[in-house]
Amino acid sequence: MQFTLEPPAPFTLKHLKRVYASRSDSSCLWMNDALYMVFVNINDVPILTKIEELGTSDQPILLITTPSEFDSIPNFAHLFSFRDDLKSFYQSVQTDPVMNRIVNQYYGTRIFHNRSFFESAVIAILEQQISVKAATKIRERFVNHFGRGPIQYDGMVFRAFPTAHDLFELSIDDIRLVGISMNKAKAIHNLAQCLVEGSFQVQSLFPQSKQLSIKKIMTLKGIGLWSAQYILTMGLAWNDIVAHGDLGLRKAISHYYKKGQPVSADESQDFFKRFIPWRHVVGYYLLMDHIENGKKYVTSI
């Protein structure tokens, strides 16, 4: 099945390709400047989908090719943050010279969300207290080892991110095979168990009660404040939440706003207040800049 989709402008995937080109964990594969492969989940079944980017950032058109007919628009709206009004966001940061420059650098880029609460929670656990480079490698090993598949397309082999049911059937020792700590393996297995058995209900989380929802998520083993904020932003696509304690964000703030002086988690939290209600987008843009340009930063963190 093939159809065209017109995302809200501005919109482009080309900057995501440049920033995340090192990822090869099947969450998304950047084929070339205009062709992308992504998985969308339909009733927990991964559907490999081809996206061709046509048009321009201000007049975007996507050509979508899927192996079967299904209503995929809600999936793409979630994956690529169709709800965010980037025009209003860009207007709101025009008086901030740093953010204005970063916005121009990544113009049209929308947050590329994870497919589910479970996927984002597992990624948060895997990436705790390790570098971006190490996180990329461990995430790739995890998906290649436990992911659903293989799914073949045009001579290439893909694997989709595993589900809670997939990992619940494994032992903790099985999960450790990808080279993670016992604590992380226990946390991932407990997460899968809580979701499969229903002791944790994602439906109990509400955007109107963000702090209460964060506290509920933090009752899960191995989930702290940073992880809970990451899950709500990247997994559930909630607005105006940012993992302000993230080291990459603090390095970006230090470099651009504090002349290289250390920035604590509390100072980062205060910094983001100026960007309400766009803290999730500002955080994402700063992280993209950190991934791409962080080695050039002048910071003592």
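The model is predicted, with local features needing pLDDT of at least 70 and side-chain atom pairs counting only at pLDDT 80 or more, while totals for chains, interfaces and linings use all residues. Residues are numbered from 1 along each chain as its sequence is written, and side-chain values use heavy atoms, without hydrogens and water.

The structure holds 18 aromatic pairs, defined by ring centres of Phe, Tyr and Trp (its six-membered ring) within 6.5 Å, with planes under 30 degrees apart counted as stacked, over 60 as edge-to-face and the rest as tilted. Phe76 and Phe80 are stacked because their ring centres are 6.5 Å apart and their planes lie at 5°. Phe76 is buried at a relative accessible area of 0%, and Phe80 is buried at 1%. Phe89 and Tyr285 form an edge-to-face pair, at 5.8 Å centre to centre and 65° between the planes. Phe89 belongs to helix α3 (residues 86-92) and Tyr285 to helix α14, so this pair ties together parts 196 residues apart in sequence. Tyr285 is also buried, with a relative accessible area of 1%. Ring pairs join Phe89, Tyr90, Tyr106, Tyr107, Trp278 and Tyr285 in a cluster.

Helices here are DSSP runs (H or I, at least four residues), numbered from the N terminus. The axes of α12 (residues 247-257) and α14 (residues 279-293), lines fitted to C-alpha atoms over the stretch in contact, with angles from 0 to 180 degrees between N-to-C directions, come within 9 Å and cross at roughly 85°. Helix α12 is therefore roughly perpendicular to α14, a term covering 65 to 115 degrees.

Key:
Helices (H or I, at least four residues) and strands (E, at least two) are DSSP runs, numbered from the N terminus. Angles under 35 degrees count as roughly parallel, over 145 as roughly antiparallel, 65 to 115 as roughly perpendicular and the rest as oblique. Buried means under 20% relative accessible area, exposed over 50%, partly exposed in between (1.4 Å probe, protein chains only).
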